[in-house]
Every structure is written in structure tokens, then in C-alpha cells.
Amino acid sequence: MRVLRGLFTATLILAISPAVPAQAGAVPEPPPRAVEEQSTTEASAVAAARHTGQPVEIESMRTETRQVFAKPDGTLVLEHNVRPVRVRRSGGWVPVDTTLRLNPDGTVSPAAAAVGLTFSGGGSAPLARLSRGAKSLELGWRGALPKPTLKGDTATYAEVMPGVDLQVTADVDGFSHVLVVKSRAAAASMTELTFPLSASGLSVKADRAGNLEATDRNEGTIFIAPTPKMWDSEGITSPQALKEGRSPEGPARPRWVWS
């Protein structure tokens, strides 16, 4: 384990809230000093910090969640985010961006997420595919899907059943999905609903409460999803709560996330 000499502080920029999807606009901006000075190694960063009198980022220690700065007095400061705020693209770092875009192959993906994530562009393709390395999970839909309407981080598949829309929302490390039932008649017809689920390099199991867990060969938890719920959205007054699929009592929409 690497030990940082001198002063060590951790700044938690994002609160832990796995049931609430992260939004691209909520990503904190890098500290201004990181823009002013950067250095590849610890030794060069410490030297640069002493020379300039300003903190200098040690670029080689940057990760999706972490930045380390050398201070003029020779100490190091760690700034750590609970969830990814940047990802690697084309050899460099870019801010997380969950805005959905249409891919050349017809699928839909967020602009910059910490996991591989694609949604169906319509037809018989899986509703959602979540992957990292050789491990992946696919969530399907019984029947062909219509072409989705994209708005920000959300894709809406209209009328997947009479009076019912299907929405999937991209997050920095996963996705959520919700069925929008638009009439009492539509609700009455939904006595049971199943989503086909397949995995590669993973085993998926459910506990007694209906929570799903995908584990690898070493029994490590890779993906998790809470128990699906149904509620009446009539009592929801907050636009943000409605978007996130929260019931008036608080539970959130079903959500798959990289653990």
C-alpha cells in the first residue's frame, strides 16, 4: 500500500446515494489549482509546488475518483470522490457525462460513463447492456421495442404495452428503469411482468426480498439491483423525484449499478 507523507486529508465531494442517479450537471469542477499546475511524478510536483508557491497535482496518481496535490511545504493532499467524476477517453481524462447519444450501430450510450453501457435503439436488441472488462449483464424485454426518444440521460420507449411507456436512465456507474403506467386500465392489465436477464462471467441470484446480486468466480459482488416496486405517482410534487421514479414514501426505481 502506498503511503502519502505528511498531511493527508480526504474531501468527500459527492454523498453516497446509490438510489439516486447522478447527473452530468452535478459533476464538480476540478479545483482551479489543478488547471494552473500539473506534474507527472511526485518528486517533480513537490519541486514545482515549492518553486511556484502553489499546490501542484501529481497527474500520475489521478483516477476516476481521486486527485493528489503536492503543497509548497512538501505535504500531499488527497481529494477523493465517492463516485467517479471523470473517465478515460482517447488516452486522456474527461468529465462524466450521462447525456445519451445514438451510436453508429443504432444502439444508445451515455457520452462518458465509468462502465460500458448501451441501451436498445429499438427492435429485438437487449433493453440494456452493462459491462466492465469481460463481465457483462444484459436486461431484455419480451418483444420488439420501438425506437426511443432521447432526452438528457433518459431514453423513453413509448407504448411498449397499451398505455405503458418504458424509460431507462443512464448513470455514471449503472442504469435504472421504470414503467410509466398512464391509465387505470393499463395498470389493471399488469398482473405480472418479467424481464429476461442474462450474464457473461457472472452468476446472478436473488435474496428473499427480491434484491438481485451478480457475482464473479471469486464471489465478489459486481452488479447489484434493489427489489422492484410499484407505486402511484399522484402524490409526487417534486419534478426531480418524478424523474428519479421515487414514490411519495421514498423508494426509488429499480437500478443496476456497478459495485
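**A walk through a predicted structure**

A salt bridge here is a side-chain nitrogen of Lys or Arg within 4 Å of a carboxyl oxygen of Asp or Glu. Arg101 counts as partly exposed because its relative accessibility is 49%; buried means under 20% relative accessible area, exposed over 50%, and partly exposed in between, using a 1.4 Å probe and protein chains only.

A quick word on the model. It is predicted, so local features need pLDDT of at least 70 and side-chain atom pairs count only at pLDDT 80 or more, while totals for chains, interfaces and linings use all residues. Residues are numbered from 1 along each chain as its sequence is written, and side-chain values use heavy atoms, leaving out hydrogens and water.

Back to salt bridges: how many does the structure hold? There are eight. One of them joins the side chains of Arg83 and Asp171, at 2.8 Å from N to O. This pair links distant parts of the chain, 88 residues apart. Are Arg83 and Asp171 buried or exposed? Both are buried. Together with Asp173, Arg83 and Asp171 are linked in a network of salt bridges.

Now to helix H2, residues 42-52, where Glu42, Ala45, Val46 and Ala49 are buried. They cover an arc of only 100° around the axis, which puts them on the same side of H2; the arc is that of the directions from the helix axis to the C-beta atoms. The face turned away from that buried side carries exposed Ala43 and His51. Helices (H or I, at least four residues) and strands (E, at least two) are DSSP runs, numbered from the N terminus.

Next, a hairpin: strands S3 and S4 form one, with five residues between them, and Gly74 in the turn has a positive phi of about 95°. The two strands run antiparallel, joined by five bridges; strands pair if DSSP finds at least two bridges between them. In S4, four of the five residues are buried.

Last stop, the rings. Two aromatic pairs turn up in a search of the whole structure. One of them, Phe119 with Phe175, is edge-to-face, 5.9 Å centre to centre with 75° between the planes. Rings of Phe, Tyr and Trp (its six-membered ring) pair if their centres lie within 6.5 Å; planes under 30 degrees apart count as stacked, over 60 as edge-to-face and the rest as tilted. Phe119 and Phe175 are both buried.
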